[in-house]
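Subject: Structure handover

Hi,

My notes on what turned up follow below it.

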Amino acid sequence: MSDVEFSATRRLILQGAGAVALIGLGNLPFGLTPALAAANDKYPEDAFKQKSDADVIKTLYGKTAEPSDKVKLDAPEIAENGAVVPISVSTTLADVTSIAFLVSENPNVLIAKYNIPAGTMPAVANRIKMAKTSNVTVLVEAGGKLYSANKEVKVTVGGCGG
């Protein structure tokens with residue numbers, strides 16, 4: 001057998017083995033179903049267009065939020081650069097289905113909304129852009145109710161066009 005024939009045969013064997021491996025991986029449960037389902041949720045376009053906290057809450061949830069000490073918002077008291085403000089939220093509430101961040105004085109009040117799949121630890125961290133000193137509010141939907149926590153963050157250098 002010549003080197004050319006061996007090389008072609010080897011190539012075919014490797015291609016076949018690769019195809020079989022990929023087909024086999026397609027049958028393994030990786031837990032992607034909830035993630036794919038969450039990725040197909042409708043984008044809350046109307047909520048991102050709202051200009052006040054109350055309008056965002058009404059558009060997203062249709063109910064009012066009650067303050068809760070079970071929602072922990074971590075944000076700096078002073079943000080030296082409004083373009084990159086680290087924030088995070090965690091909660092001990094059960095059955096969390098969504099978490100949203102609002103910044104009252106931003107051109108677009110709704111910063112982000114996360115759908116939390118069942119069985120997921122309800123904690124989210126992000127870096128947000130803030131136009132100026134403002135209240136940062138986090139909304140947590142859990143057990144069919146809406147909870148909130150807020151904190152004022154002072155911005156020394158503007159982030160949204162500042």
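Start with phenylalanine 101. Leaving out residues up to four places away in sequence, phenylalanine 101 touches Leu73, Ile87, Val89, Val109, Leu110, Ile111, Ala112, Tyr114, Val124, Thr137 and Val138. Contact here means heavy atoms within 4.5 Å. Phenylalanine 101 counts as buried because its relative accessibility is 1%. Buried means under 20% relative accessible area, exposed means over 50%, and partly exposed lies in between (1.4 Å probe, protein chains only).

Before going on, the ground rules. This is a predicted model, in which local features need pLDDT of at least 70 and side-chain atom pairs count only at pLDDT 80 or more, while totals for chains, interfaces and linings use all residues. Residues are numbered from 1 along each chain as its sequence is written, and side-chain values use heavy atoms, with hydrogens and water left out.

**Aromatic pair**

Searching the whole structure gives 1 aromatic pair. The ring centres of phenylalanine 101 and tyrosine 114 are 6.2 Å apart and the planes are at 85 degrees, so the pair is edge-to-face. The cut-offs: rings of Phe, Tyr and Trp (its six-membered ring) pair if their centres lie within 6.5 Å; planes under 30 degrees apart are stacked, over 60 edge-to-face, and the rest tilted. The pair links distant parts of the chain, with phenylalanine 101 in strand E5 and tyrosine 114 in strand E6, 13 residues apart. Tyrosine 114 has 26% relative accessibility, so it counts as partly exposed.

**Overall make-up**

The chain has 4 helices and 9 strands. From the N terminus the order is α-α-α-α-β-β-β-β-β-β-β-β-β. Helices (H or I, at least four residues) and strands (E, at least two) are DSSP runs, numbered from the N terminus. Of the 162 residues in the chain, 30% are buried. Among contacts with a separation of 6 or more, 65% are between residues 24 or more positions apart. The chain exposes about 10,200 Å², and carbon and sulfur atoms supply 55% of that. Areas come from the Shrake-Rupley method with a 1.4 Å probe; for residues, only the protein chains shown count as cover.

**Cores**

The largest nonpolar core has 25 residues. Val71, Ile99, Phe101, Met130 and Val138 have the most contacts inside it. E2, E4, E5, strand E7 (123–128), E8 and E9 each give two or more residues to this core. Apart from it lies another core, of 12 residues, among them Ala100, Val109, Leu110 and Leu139. A nonpolar core is a set of buried Ala, Val, Leu, Ile, Met, Phe, Trp, Tyr and Cys residues joined through side-chain atoms within 4.5 Å.

**Strands**

Take E2 (residues 71–74). E2 pairs with E4 (residues 85–91) in the antiparallel sense, over 4 bridges. Two strands pair if DSSP finds at least two bridges between them. Valine 89 in E4 is the bridge partner of leucine 73.

E9 has several partners. E8 and E9 pair in the antiparallel sense over 9 bridges. Valine 138 stands opposite alanine 149 there. Their hairpin has 2 residues between the strands, and glycine 143 takes a positive phi near 55 degrees. E1 (residues 66–67) runs parallel to E9, joined by 2 bridges. E3 (residues 78–79) is also parallel to E9, with 2 bridges. In that pairing, isoleucine 78 stands opposite lysine 154.

Serine 148 sits in strand E9 and is the bridge partner of proline 67. Serine 148 counts as buried because its relative accessibility is 12%. Beyond its neighbours within four places in sequence, serine 148 is in contact with Ala65, Glu66, Pro67, Ser68, Val71, Thr137, Val138 and Leu139.

**Helix H4**

In H4 (residues 53–60), Val56, Ile57 and Leu60 are buried. They cover an arc of only 95 degrees around the axis, which puts them on the same side of H4. The arc is that of the directions from the helix axis to the C-beta atoms. Ala54 and Lys58, on the other side of H4, are exposed. Cover for the buried residues includes helix H3 (45–49) and strands E5 (96–103), E6 (110–115), E8 (134–142) and E9 (145–155). Just after H4, glycine 62 takes a positive phi of about 70 degrees.

Best wishes
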